[in-house]
Amino acid sequence: MANNFDKAYNSFDTTKIKADIKLLSSDEFGGREPSTQGETLTTNLLIKEFKRLGLAPGNGDSYTQAVPLVSITSTTTENLTIGDIEFEFPKNFVASSRKMDKQSSLKSSDLVFVGYGINAPEYQWNDYDNVDVKGKTVVILVNDPGYATQDSKLFDGNTMTYYGRWTYKYEEAARQGAAGAIIIHETKPASYGWNVIESSWTGAQYHLPASEVNEATVDVEMWISNDKAIELFKKSNQDFETLKKSAANRSFKAVPLGLSASVSVENTFERSNSNNVIATIKGSEKPDEHVVYMAHWDHLGSTIVDGKREIYNGAHDNATGTAGLVHIANAYKKLNKAPKRSITIIGVTAEEQGRLGSRYFANHPTMPLNKIVGLVNMDSLDITGLKTDVTVVGYGKSALEAYLAKAAKRQNRTLSPELTPERGYYYRSDHFSLAKKGVPALSAGGGSKWLNAEQKAIGDKVSAMVAKCYHQTCDEYDENFGWEGMIAELQLFFETGYLLANSEEWPNWNEGTEFKALRDAMMQ
């Protein structure tokens, strides 16, 4: 391959990448919470590196895009009670509100079980059909009926659709006029334990301003633990497992539970600006066409436990991807000539709070969306050792996979579907914000087949840490990460973008995917 490609491909320096990840995940950066000193340190570091490499500002004459945020801290002033069932925050329930009201509460709000809480005409499915939930509190199952039944003809079978995500369920409950919404946590269909609910749903929650999202919200959003849900249904003279099974059928009808819920939260607000960081390597022939690399720089910040500050350093999630942006940019600058199309690097904010930075960018793109050829997202690079395959999240969604496959061939790797499509990972990270608008977006990395016994030994050790430490304070830098696998992944993403940036093609979504009509419309 011409244009000094091999030199650029081999320019990823393990020592430098280690140093960047170690710094970004150090206590000094405080867990990289938006609108804190940790943000300032992180964004300044990115801007400094992009300037050093000679990248142009990606937002007019600025390297930043201001993202307005509203921080809402909901403090439970009255624990959830249903009948004589008492809940304990955060042991078996969490509650918060997106409303800009100092007090949000439910007082004896009637409970209605609405199954999976889905209204999806394209699947001939409506859990809210012929039921009035206005002013009531809906109780909802996590994931979707396809996963529950493993029926490949129902929704997308084992593969979670967006209808299975908690974000959708709260949104739909609000559209239906509910005052409150309770999602029942179950580890398998949620794909994470209650500890993730505790760490992610306590403390300040960031949102885009109401003017940005322009959508209704319920008064109080809640999760309850599975054991409390069983107790709740028993109190209603219902069997949880029986009702759950019936909810996975199109004939399901919402069930009033004959119980009422009361809960109260006190809200404090803080408006702030955070920042996306955007830099561009201008294309040598078609500078108005862009290949985008994206990663979120933020993590969960810190919290006080028993009077002691504990920091969520976020080494894997996502100091790896943040550092990766710099080193991808560095590789492109090693080329003798810039690719035909522009390479735009975006470090987005507030992914951990619902992809807020990427959602804002999707609403206010710095280039027309129909000029983005494709997007590669890097959310938690592979630290579990070298593989012979590459896992594609949302496998089969777009023609971008052909470019990834060609790049993988250089490493003697093949593409594999994700092993757990029921977890809905495609809808969890920043690429989805652009995909939802129609832009082809790739989420890939890692794999399931280790290169050899040595790499598998690394994987066995590190994988256990990754599983244990997701959104926990133990997600810290470790010299024992599988660095060779990370370097291979960065090389893979570099070549994928390079091939795309030097092609004449506009890869689209595949037939039958939920985003193809949007892309077709924008390209007319």
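View 1. C469 is buried, with a relative accessible area of 4%, whereas C474 is partly exposed at 28%. Buried means under 20% relative accessible area, exposed over 50%, and partly exposed in between (1.4 Å probe, protein chains only). This is a predicted model, in which local features need pLDDT of at least 70, side-chain atom pairs count only at pLDDT 80 or more, and totals for chains, interfaces and linings use all residues. Residues are numbered from 1 along each chain as its sequence is written, and side-chain values use heavy atoms, with hydrogens and water left out. The sulfur atoms of C469 and C474 lie 2.1 Å apart and form a disulfide, a term for a pair of cysteine sulfur atoms within 2.5 Å. By this rule the count is one disulfide. The link of C469 and C474 is left-handed, with -115° about the S-S bond.

**View 2. S443 in strand β20.** Strand β20 spans residues 441-444 and contains S443; strands (E, at least two residues) and helices (H or I, at least four) are DSSP runs numbered from the N terminus. S443 is buried, with a relative accessible area of 11%. Apart from neighbours within four places in sequence, S443 is in contact with T391, V392, V393, Y426 and H431, where contact means heavy atoms within 4.5 Å.
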